[in-house]
Amino acid sequence: MLKVNAIAATSATDPLVRTTVERRDLGPRDVLIEIRYAGICHSDIHTVRGEWGEIAYPQTVGHEIVGRVIEVGNEVTRFENGARVGVGCMVNSCRECENCRAGHEQYCTAGNTGTYASVDRDGTITQGGYSTHIVVDEDFVLRVPEAIPYEKAAPLLCAGITTYSPLAHWNAGPGKKVAVVGMGGLGHMAVKIAAAMGAEVTVLSQTLSKKDDGLAFGGGDYYATSDAATFEALKNTFDLIINTVSAPIDMTAHLGLLRLDGTLVSVGAPPQPLEVPVWALFGNRRSFAGSGIGSIAETQEMLDFCAERGIAPEVEVIGADQVNEAYERVLSSDVRYRFVIDVDTLR
């Protein structure tokens with residue numbers, strides 16, 4: 001077992017602390033990755049604070065991971081030492097269910113193995129990317145194109161694929177009107193990706209404080225959802241709405257923005273249930289859906305798409321000792337638009 005430096009939560013209420021975690025011995029199909037950068041996702045905060053259910057402590061989170069391969073198992077064929085790689089939100093699945101066989105391992109019916117806070121194949125609890133090294137099966141490792149800077153690649157492994165997947169699935173592109181609710185870590189990526197796909201993009205944010213950014217990232221219009229006039233002005237407008245916020249929204253008002261056969265897809269995950277009045281769905285034959293992360297193949301497709309089109313997240317790089325402060329700033333929406341930990345500060 002390899003013992004490596006890490007940052008971990010010891011309870012739902014105490015600050016995260018420096019510690020060590022153990023990584024399993026390299027198996028024949030495993031890849032040992034030296035982590036360079038790890039993004040901070042709102043999911044990390046929900047998890048360590050017990051807002052999505054009980055977890056085992058101590059817990060190291062982080063599922064936006066980039067680094068380089070420093071050792072491979074003797075049966076590994078896809079990666080070599082020195083390769084630029086990434087790891088996202090899952091590190092395994094059953095590989096046998098209908099969804100896995102169809103290439104949708106993110107929807108494994110047995111439940112995919114999350115990069116953190118999941119039961120791993122050896123019975124241990126997975127520990128995430130706020131650490132210096134990680135061991136992952138090669139089938140769940142992504143190749144990071146050279147065109148994407150390391151520190152900007154990390155958030156693509158969650159924020160990027162979480163927004164790319166529904167945009168691709170619901171065919172965002174030329175002739176489609178797409179609204180993005182929220183201009184945070186997920187939202188700013190949804191705007192960039194939807195615009196790159198050729199869709200007409202509108203940003204819906206609580207205030208107009210980030211309007212200049214939203215327009216610069218590819219939005220054609222920007223409206224404040226705190227203004228009731230917004231929902232009247234945009235009634236029956238959009239083919240697709242991507243809701244990225246991790247807090248309750250007025251579902252009746254937002255569903256009313258959909259045109260015939262339009263869909264509102266939630267990718268943000270508030271701890272509280274969302275109320276969805278069925279009458280709001282009857283008009284215009286509207287749909288409400290959810291979308292998780294993408295498959296490994298789709299995540300690689302997203303990385304290549306972003307590299308080809310020069311798309312990358314806006315990041316603020318921090319040191320390991322700034323993680324607790326960063327959590328508080330995420331909760332107060334004081335980041336533009338994703339914190340990324342420089343893991344060299346943890347060595």
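1. Surface patch. In this predicted model, Val278, Trp279 and Phe282 form a nonpolar surface patch of about 390 Å². Phe282 sits in helix H9, which spans residues 278-282. Its relative accessible area is 52%. Phe282 therefore counts as exposed, the cut-off being over 50%.

2. Helix crossing. Two packed helices are described by the angle between their axes and the distance between the axes. For helix H4 (residues 159-169) and helix H10 (residues 296-309), the axes come within 10 Å. They cross at roughly 100 degrees, so H4 is roughly perpendicular to H10. On the H4 side, the contact involves Gly160, Ile161, Tyr164, Ser165 and Ala168. H10 contributes Glu298, Thr299, Glu301, Met302 and Phe305.

3. Cis peptides. Most peptide bonds are trans. The bond joining Tyr57 and Pro58 is cis, with omega about 0 degrees. Pro58 lies in the loop between helix H1 (42-48) and strand E4 (65-72). The bond from Arg336 to Tyr337 is also cis, with omega near 0 degrees. Tyr337 belongs to the loop between helix H11 (323-331) and strand E17 (338-342).

4. Positive phi. Most residues other than glycine have a negative phi. Arg95 is not a glycine, yet its phi is positive, about 70 degrees. Arg95 is in the loop between strand E6 (90-92) and helix H2 (98-101). With a relative accessible area of 35%, Arg95 is partly exposed.

5. Positive phi in a strand. Asp261, not a glycine either, has a positive phi of about 65 degrees. Asp261 is placed in strand E14, residues 258-266. Its relative accessibility is 40%, so Asp261 counts as partly exposed.

Technical notes. Residues are numbered from 1 along each chain as its sequence is written. This is a predicted model: local features need pLDDT of at least 70, side-chain atom pairs count only at pLDDT 80 or more; totals for chains, interfaces and linings use all residues. Side-chain values use heavy atoms; hydrogens and water are left out. Patches are made of residues with over 30% relative accessible area and no salt bridge: like charges are joined within 9 Å, nonpolar side chains (Val, Leu, Ile, Met, Phe, Trp, Tyr) within 5 Å. Accessible areas come from the Shrake-Rupley method with a 1.4 Å probe; for residues, only the protein chains shown count as cover. A salt bridge is a side-chain nitrogen of Lys or Arg within 4 Å of a carboxyl oxygen of Asp or Glu. Helices (H or I, at least four residues) and strands (E, at least two) are DSSP runs, numbered from the N terminus. Buried means under 20% relative accessible area, exposed over 50%, partly exposed in between (1.4 Å probe, protein chains only). Axes are lines fitted to C-alpha atoms, for helices over the stretch in contact, and angles run from 0 to 180 degrees between N-to-C directions. Angles under 35 degrees count as roughly parallel, over 145 as roughly antiparallel, 65 to 115 as roughly perpendicular and the rest as oblique. Contact means heavy atoms within 4.5 Å.
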